[in-house]
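Please look over the sequence and the model shown below.

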Amino acid sequence: MAEAPPVQEAPQIDADGERELLGLEGDTAVGHGKRGMVTSAVWRGCRVAIKATNDQAAVNTIPNEAKFLRLVNQHSIGPQLLAGDESRVVYRYVEGTPIVKYLKECTAEEAVEVLTAVFEQCFVLDQAGISKLEMCWPEYHVLVPEGAPGRPVMIDFERSRQTERPKNVTQFCEFVNLPTIRALLLSKELELSRDQWREMAMKYARGGRSRELFSCIPAALSHALEQSAPGETAHSKIAVKRHKPNPGKEES
């Protein structure tokens with residue numbers, strides 16, 4: 001598997017640096033939504049993303065995004081938060097392909113690897129009691145860096161909340177089981193039983209979200225890959241190994 005190209009580490013953030021970041025003006029538009037707008041800029045040689053509140057939004061979700069980026073960064077998930085206040089968050093810019101587009105273009109092995117890695121991050125969030133609330137259709141909320149299908153980066157935590165019944169794994173199961181995604185995977189000869197997939201998600205949710213029950217999910221992906229390429233047992237190792245989530249600071 002090809003490794004992602006080396007990237008420059010973000011400088012250490014001191015009080016002066018945080019003030020600089022919070023006063024930074026973006027030079028490139030990245031995205032605009034109901035709740036905020038995202039631009040990017042270069043700060044001390046490092047490209048950063050700046051998400052600012054949308055004045056027209058009914059609710060300011062920026063403080064919530066900053067709160068949950070701090071939490072998920074502790075688990076090496078999400079882009080690296082650099083600074084945040086009530087009106088903006090600044091984090092390390094993530095360069096990558098949106099997951100649906102990636103699944104259209106990648107190989108079967110890469111599809112299994114990226115799905116397994118996302119599932120692992122979903123499981124970590126479940127264990128932390130954090131619900132991202134966007135995993136049913138995370139088209140633009142999961143980016144896959146070039147050459148690194150095992151290191152996808154979740155972005156956009158503005159709607160996240162803490163709960164005793166997080167649904168990240170089950171929601172991502174729903175995503176993988178959608179006809180659109182099933183068709184993409186089937187085009188790569190990755191055939192998943194719709195009923196079995198639904199049953200695994202249900203058992204996981206009702207069984208306390210344990211690692212044992214979760215392990216059936218990457219195992220099912222691994223089995224689908226084995227069936228698509230009989231005799232190439234090395235492929236199965238891609239899906240069953242646990243992908244340790246990588247912090248956004250390692251992506252560019």
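Is Arg44 buried, exposed or partly exposed? Arg44 counts as partly exposed because its relative accessibility is 38%, where buried means under 20% relative accessible area, exposed over 50% and partly exposed in between, with a 1.4 Å probe and protein chains only. This is a predicted model, in which local features need pLDDT of at least 70 and side-chain atom pairs count only at pLDDT 80 or more, while totals for chains, interfaces and linings use all residues. Residues are numbered from 1 along each chain as its sequence is written, and side-chain values use heavy atoms, with hydrogens and water left out.

The secondary structure of the protein comes to 10 helices and 10 strands. Helices (H or I, at least four residues) and strands (E, at least two) are DSSP runs, numbered from the N terminus. Of the 252 residues in the protein, 52% are buried. Contact means heavy atoms within 4.5 Å. Among contacts between residues at least 6 apart in sequence, 69% join residues at least 24 apart.

Arg44 sits in the loop between strand 2 (36-43) and strand 3 (46-53). Its phi is near 50°, a positive value in a residue other than glycine. Most residues other than glycine have a negative phi. A second residue with a positive phi is Glu189, at a value near 65°. Glu189 is found in the loop between helix 6 (179-186) and helix 7, and Glu189 is exposed, with a relative accessible area of 54%.

Another loop, between strand 9 (153-154) and strand 10 (161-162), holds Asp156. This residue is buried, its relative accessible area being 16%. The side chain of Asp156 makes a polar contact of 2.9 Å with the side chain of Lys51, and a polar contact of 3.1 Å with the side chain of His141. A polar contact is a pair of N or O atoms within 3.5 Å; within protein, one must be able to donate a hydrogen and the other to accept it, and residues adjacent in sequence count only if both atoms are side-chain atoms. Leaving aside residues up to four places away in sequence, Asp156 touches Lys51, Glu65, Lys132, Glu134, Tyr140 and His141.

The next topic is helix packing. Two packed helices are described by the angle between their axes and the distance between the axes. Axes here are lines fitted to C-alpha atoms, for helices over the stretch in contact, and angles run from 0 to 180 degrees between N-to-C directions. Helix 4 (residues 108-127) and helix 5 have axes that come within 8 Å and cross at roughly 150°. That makes helix 4 roughly antiparallel to helix 5, since angles under 35 degrees count as roughly parallel, over 145 as roughly antiparallel, 65 to 115 as roughly perpendicular and the rest as oblique. On the helix 4 side, Leu115, Val118, Phe119, Cys122, Phe123, Leu125 and Asp126 meet Asn168, Val169, Phe172, Cys173 and Val176 in helix 5. The residues of this contact divide into 10 nonpolar, 1 polar and 1 charged. Here Ala, Val, Leu, Ile, Met, Phe, Trp, Tyr, Cys and Pro count as nonpolar, Asp, Glu, Lys and Arg as charged, and the others, Gly among them, as polar.

Helix 5 (residues 168-176) also packs with helix 7 (residues 194-206), at an angle of about 175° and with the axes 9 Å apart. Helix 5 is therefore roughly antiparallel to helix 7. In this contact Val169, Thr170, Cys173 and Val176 of helix 5 meet Trp197, Ala201, Tyr204 and Ala205 of helix 7. Its residues divide into 7 nonpolar, 1 polar and no charged. Helix 5 is mostly covered, with 8 of its 9 residues buried. Met202 lies in helix 7 and is partly exposed, at a relative accessible area of 38%.

Last come the aromatic rings. Rings of Phe, Tyr and Trp (its six-membered ring) pair if their centres lie within 6.5 Å; planes under 30 degrees apart count as stacked, over 60 as edge-to-face and the rest as tilted. By this rule the count comes to 7 aromatic pairs. One of them joins Phe119 and Trp197, whose centres are 6.0 Å apart and whose planes are at 65°, so the pair is edge-to-face. This pair links distant parts of the chain, with Phe119 in helix 4 and Trp197 in helix 7, 78 residues apart. Phe119 is buried at 0% relative accessible area, and Trp197 is buried at 2%. Ring pairs link Phe119, Trp137, Phe172, Phe175 and Trp197 into a cluster.
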